[in-house]
Amino acid sequence: MPHSILLLCPDYITERMAGPAIRYWEFAKSLAPLHAVTLAAPNSIPDFLQVEMPARLVQHTPANIAELANGHDIIIFQGYILDQYPLLRQSRKILVADMYDPVPLEGLEQQKGQGVAEVQAIAHQVRMMNDQLKLADYFLCANERQRDLWLG
């Protein structure tokens, strides 16, 4: 049975994309043959990219997030999307947290040596990840090794 799936990409979809955008682009390509998929990015997506994608491509904004969320059965997200769009916290849709990026582990290296600012940044990142773990119905990660990281 096909579902309608909203992929809330945390990164810009452009001709040249970084890791998170590539991941969500590939999710969309893989899921679109069997489901109604919308790939939403924080930027206006260039029209020429639509030719390559069997999914609908849109921009997610505070003005349209409720409509996007209400129009889909499943919402897949990553990172600070729940902070950016707090209404998703009360959603009755199936929420799938993409735990691909262990943000607090990255933060330990990025914030190293910044004292109080480091502790605050890491605490904020841990809170963000904990929110995802509390609110999501399902979780994704990159591979078995990363799954072991999350499960212990």
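**Exercise 1. Determine the sense in which strands β1 and β4 pair, and state over how many bridges.**

Solution. Step 1: take the two segments, residues 4-8 for β1 and residues 74-77 for β4; strands are DSSP runs of E with at least two residues, helices are runs of H or I with at least four residues, and both are numbered from the N terminus. Step 2: apply the pairing criterion, namely that DSSP finds at least two bridges between the two strands. Step 3: β1 and β4 pair in the parallel sense over four bridges. Within this pairing, Leu 8 has Phe 77 of β4 as its bridge partner.

The model is a predicted one, in which local features require pLDDT of at least 70, side-chain atom pairs count only at pLDDT 80 or more, and totals for chains, interfaces and linings use all residues. Residues are numbered from 1 along each chain as its sequence is written, and side-chain values use heavy atoms, with hydrogens and water left out.

**Exercise 2. Derive the strand order of the sheet, and explain why β3 and β6 stand at the edges.**

Solution. Step 1: on one side of β1, five bridges join this strand to β2, and the two run parallel; Leu 7 stands opposite Leu 39 in β2. Step 2: β4 pairs with β5 in the parallel sense over four bridges, and the bridge partner of Ile 74 in β5 is Ile 94. Step 3: β5 and β6 pair over three bridges, again in the parallel sense, with Ala 97 bridged to Phe 139 in β6. Step 4: the complete order is β3-β2-β1-β4-β5-β6, an open sheet of six strands with parallel pairing. Step 5: β3 (56-59) and β6 (138-140) each have a single partner strand, so one side of each is left without a neighbour in the sheet. The twist from one strand to the next averages 20°, where angles run from 0 to 180 degrees between N-to-C directions of axes fitted to C-alpha atoms, for helices over the stretch in contact.

**Exercise 3. Identify the strands touched by helix α1, and give the angle between its direction and that of β1.**

Solution. Step 1: contact means heavy atoms within 4.5 Å. Step 2: helix α1 (residues 19-31) packs on the sheet and touches β1, β2 (36-41), β3, β4, β5 (94-98) and β6. Step 3: the direction of α1 makes about 170° with that of β1. A further helix, α6 (residues 116-135), lies across β4, β5 and β6 and runs at about 145° to β5.

**Exercise 4. Decide whether Gln 78 is buried or exposed, and describe its surroundings.**

Solution. Step 1: Gln 78 is located in the loop between β4 and α4 (81-84). Step 2: a residue is buried under 20% relative accessible area, exposed over 50%, and partly exposed in between (1.4 Å probe, protein chains only). Step 3: Gln 78 has 6% relative accessibility and therefore counts as buried.

**Exercise 5. State where Ala 21 is placed and which residues it touches.**

Solution. Step 1: Ala 21 belongs to helix α1. Step 2: its relative accessible area is 0%, so Ala 21 is buried. Step 3: not counting residues up to four places away in sequence, Ala 21 touches Cys 9, Asp 11, Tyr 12 and Ile 13.
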